[in-house]
Amino acid sequence: MKSRFNNIVNLLLLLLGLFLVGCNEKTEVEKRPNIIYVLADDLGYGDIQAYNPEGKIRTPHLDQLASEGMRFTDAHTSSAVCTPTRYGILTGRYNWRSPLKSSVLTGNSNALIPTTRTTVASLLQKEGYATAFIGKWHLGWDWALKDPKVISGDGWDAKDFDNIDFSKPVTNSPNDLGFSYSYGHSGSLDMAPYVYVENGMPTMVPDTITESTDKYGWWRKGPTAKDFDFEDVTPNFFRRSFKYIKDKSKEEQPFFLYLALPSPHTPILPTEEWAGKSELNPYGDFMMLIDAYMGQLNAVLKEAGIEENTLVVFTSDNGCSPAADINEMLSKGHSPSGIYRGHKADIFEGGHRVPFIVKWPAKIKAATIADQTICTTDFLATCADIVGVDLKDEEGEDSFSMLPVLLDNNSPYFEREATVHHSINGSFAIRKGKWKMIFAADSGGWSAPKPKSEGLANLPPFQLYDLDNDPQEQKNLYGDFPEIESSLTVLMKSYIENGRSTKGERQTNEPEGYGSKQWKQLEVFNEK
């Protein structure tokens, strides 16, 4: 009897043990992933060979990242320039809903994102993630002022920074938007002041004024700190990111790292090791430097033993800039925009269609290609989906979860209906399926036909392209498909008026910058 009882007890203990093992395995499988978002600056769709086999820049490490993960062929930034795209990535909201209706901020601009708005970082931080920003911010923060009553300049002149007190902390910094750790500079690498800020505090007080007028490596005149070595900025950000990854890999807490590169934007400064390696020009060399460091990042993940459950995104904030001397590269057989028309700043595809590579070995099949039209605003909803959080009506108004596509590149459950594009001067375009309608006669940016250029009156007021049959946007079909034009216009108006493109309660767009209620780019919709 006693023996029988002991057998029953042992059986129950065995079953309990198997149950606990099963629970542990399930917990391990469902462990939240680390998330690393690498944002290049002014890198074109055709600058990675996985996207442009005809390209002349060798990118073996980014090609490997694509072969180990998923490559999106129809990914777009929410804007064709820096600041607005960064706003959309972190908030999941189209940039033109903010006070910034066109152009970009400078290194002296005040914070664009209010601390009350949910960001990817604040959402993940609430879910128990360690969160870090390293790199180029370009979303404004509030420098301490020597005299708060003095109005500083806009940031385009060295004297605009005379009133900044670099010995005191900045406010409304990345740390106030959900980042536990932050280290970087305020604007683009060609925008003063040239000062690193770590966790809200300048690392050094600038003691000199520098300026470069080099064709490729130029930067504007402004205050510069001793620890700010222009050529070492990109390597410095990578090194710090590697250390962060290694340190966090030893902890149980998942982490989110937003690595915002200042390159290959101007100043185009490849280190001596890479100078001349592309046999193209300094921009090509700079691209190869970025590629090499991305290879090191991949290696760091492998060595740390966290590669399997780490989601890595690599993309760009807009297309290639003319500052890279696109014509010189074209003459040597390299097209930074691939087959697409235009470049940075433009409403054409070359302005906002970008490489978008996602690697997550635990969930994403290697060497997969996704053709769905996605936008960089989709990152917030994707992260929310990954951690099982429902977004509120006032969060991620233009963000659609890409998780169904990441898990199955043929998934029919991706909910994005249409995508809005935006140029540097605030011109709009909307894309739905194969149709793209541009609400302007020009490029909205820096390529021909430029806004306000001669001959625009002879062109149709709007542009309609069938991207399936005309991806180069060469044949304007505006006027040939009135029903398509009408439906796209109605849809665009609804996205503006509803304050969102996702489902939910109507939201309010903010008035144009700093007290003005004018929003001149909407005039074209009033005319139709």
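A residue counts as buried when its relative accessible area is under 20%, as exposed when it is over 50%, and as partly exposed in between. Keep that scale in mind for this predicted model. Ser 103 has a relative accessibility of 33%, so Ser 103 counts as partly exposed. Asn 199, at 38%, is partly exposed too.

Now take the chain as a whole. The chain holds 12 helices and 16 strands. Its radius of gyration is 24 Å, close to the 24 Å that the globule rule gives for 528 residues, so the chain is as compact as a globular protein of that length. The C-alpha trace spans about 100 × 60 × 50 Å along its principal axes. Of the 528 residues, 60% count as buried. Look also at how the chain meets itself. Among contacts with a separation of 6 or more, 73% come from residues 24 or more positions apart.

Next, the surface and the charges. The chain exposes about 22,000 Å², and carbon and sulfur atoms supply 51% of that area.

Zoom in on one helix. Helix α5 covers residues 233-249, which makes 17 residues. From first C-alpha to last, α5 reaches 24 Å, close to the 24 Å expected at 1.5 Å a residue. Which residues of α5 are buried? Among them are Val 233, Phe 237, Phe 238, Ser 241, Phe 242, Tyr 244, Ile 245 and Lys 248. An α-helix has 3.6 residues a turn, so residues three or four places apart point the same way. What do the buried residues of α5 pack against? Their partners are the strands β1 (34-40), β3 (130-136), β4 (181-185) and β9 (255-260), together with helix α6 (282-304).

Finally, turn to the backbone. Most residues other than glycine have a negative phi, and most peptide bonds are trans. Some places in this chain depart from that pattern. A cis peptide bond joins Ala 192 and Pro 193, with omega at about 0°. Pro 193 sits in the loop between β4 and β5 (197-198). Another cis bond links Ser 263 to Pro 264, where omega is about 5°. Pro 264 lies in the loop between β9 and α6.

Ser 103 has a phi near 60°, and its place is the loop between α3 (82-91) and α4 (120-126). Asn 199 has a phi near 50°. Asn 199 belongs to the loop between β5 and β6 (201-202).

Notes. Residues numbered from 1 in each chain as written. Predicted model: local features only at pLDDT ≥ 70, side-chain atom pairs only at ≥ 80, totals over all residues. Heavy atoms only, no water. Helix = DSSP H or I, 4+ residues; strand = E, 2+ residues; numbered from the N terminus. Rg over C-alpha atoms; globule rule 2.2 N^0.38 Å. Buried < 20%, exposed > 50% of the residue type's maximum accessible area, 1.4 Å probe, protein only. Contact = heavy atoms within 4.5 Å. Areas by Shrake-Rupley, 256 points an atom, 1.4 Å probe, with all protein chains shown as cover. Expected span 1.5 Å × (residues − 1).
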